[in-house]
Amino acid sequence: MSTQRLLRHRDFVLLWGGQSASDIGTAISVVVIPLIAVVYLHATPIEVGALSAVEWLPWLLIGLPAGVWVDRSRRRRLMLGADVIRAVLLVSVPVAAALDALHIAQLYAVAFGTGLATVVFQVAYQAFPPVIVATEDLPEANAKLLGSQSVAQFVGPGVGGLLVQAVRAPYALVADAASYVLSAVALLLIRTREPQPAAAEHERLRTSIAEGARFVRRDPLLRVMTIAPAVSNLFFGGFEAIAVLFLVRSAHLAPSSVGLLIGLVSLGSVVGALIARPVSRRIGTARAMWLSSALTAPLGLLIPLTDRGAALAFFVVGNVALFVGILIYNVTITAFRQAYCPPAMLGRVVASMRFVLFGTIPLGAFGAGLLAEAIGIREAVLVLLAGNILSSVLLFASPLRTMRDLPVGPATAGREHADAGR
């Protein structure tokens, strides 16, 4: 059985364990960095939105060339370098705080630098499991990796909120820096010898980037799987950029309560990761992608009703529903893409899709800050979560609606899929 093979697979267990530690640290920072800005540095809504924007901006700047670098390099080496860079940058924040020299500008610099390293890491990481895991085990491997990420998103924010309550906010980032060190150690211990990338050193960078983008653009499935979640990221990413601001200044919660609440809603990710494969087997992988979004996105409109006391349930229910839909979608698309795309093209395909997917997040984040400043924080949250429903409409109107299951064989860009899986 796939699960038993993976649990006996030393290198996969190392990757899984190291990344799980890193995910917990990252989830801590998701709460801690905005809290440093809102509570410790008294940032305005525009400054809070800009902080999230600069963290995601690297996807627009190096998202596409990162795919070429990954396809031309050994992926583990790139991941190791990214982990070390992120650890060093994060440690600089508590050091500056100890010297009473921390400024919002340093938070921007750290967010941007860790964002650059994360782009390289994530593109390499998405293309790395096929190096150590058999193709038939990829769906289960991705479910485990995303499942542990979901658990981290549940545990990490609560730990982050408690750390901020226990110590001055900047010092809580030490936990995230340590998690990247653990991830790097786990990668060093992996024994599988990564094959030398195919010789493409003399191909122009622009040509290689264009090849990956063209592959995505010409394939009707990859195309809609890029556009629809990019729209979601524009709006939902904007909401996430001001979520801590919303809870602190509109719902009037303490930092520890903010962390615990954000951790609680991440249960949706845990549930989504657990049910993704059973749901896909039951109703089909294509149906799981669009139907999960259609059923959960409208429930996000409960979130703007959040307030202290019993009304906190609106935040929990709305977010849990959204995260369930997102995780079902993510587990399904990750396994599909790894099996569907030619290995030599996978890094560029991931980078091309994520360039668009994550490239809308800084636009949404900065726009959310401007919107909150102009019309109010609660009103901005309502607008953003209403806009998020548009992604479900795009998926419903796509070829996915006419299919039961996604293709399982290698792709040929431009092939027609409308009748596949009926």
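1. Arg86 and Asp83 join their side chains in a salt bridge, N to O at 2.8 Å (a Lys or Arg side-chain nitrogen within 4 Å of an Asp or Glu carboxyl oxygen). The two sit 3 residues apart in helix α5 (residues 75–98), so about one helical turn separates Arg86 from Asp83. The structure holds 4 salt bridges.

2. On provenance: this is a predicted model, with local features needing pLDDT of at least 70, side-chain atom pairs pLDDT 80 or more, and totals for chains, interfaces and linings using all residues. Numbering starts from 1 along each chain as its sequence is written, and side-chain values use heavy atoms, without hydrogens and water.

3. Helices α11 (residues 220–250) and α16 (residues 343–375) have axes that come within 7 Å and cross at roughly 30°. Angles under 35 degrees count as roughly parallel, so α11 and α16 are roughly parallel to each other. Their contact residues divide into 17 nonpolar, 6 polar and no charged. The crossing of α11 past α16 is right-handed.

4. Val151, Phe154, Val155, Val159, Leu264 and Leu267 make a nonpolar surface patch of about 400 Å² (residues with over 30% relative accessible area and no salt bridge, nonpolar side chains joined within 5 Å; areas by Shrake-Rupley with a 1.4 Å probe). Helix α8 (residues 138–166) gives the largest share, 4 residues. Leu267 lies in helix α13 (residues 267–283).

Key: Axes fitted to C-alpha atoms, helices over the stretch in contact; angles between N-to-C directions. Parallel < 35°, antiparallel > 145°, perpendicular 65-115°, else oblique. Left-handed = near helix turned anticlockwise from the far one by under 90°. Nonpolar A, V, L, I, M, F, W, Y, C, P; charged D, E, K, R; others polar. Patch = residues over 30% accessible without salt bridge, like charges linked within 9 Å, V, L, I, M, F, W, Y side chains within 5 Å.
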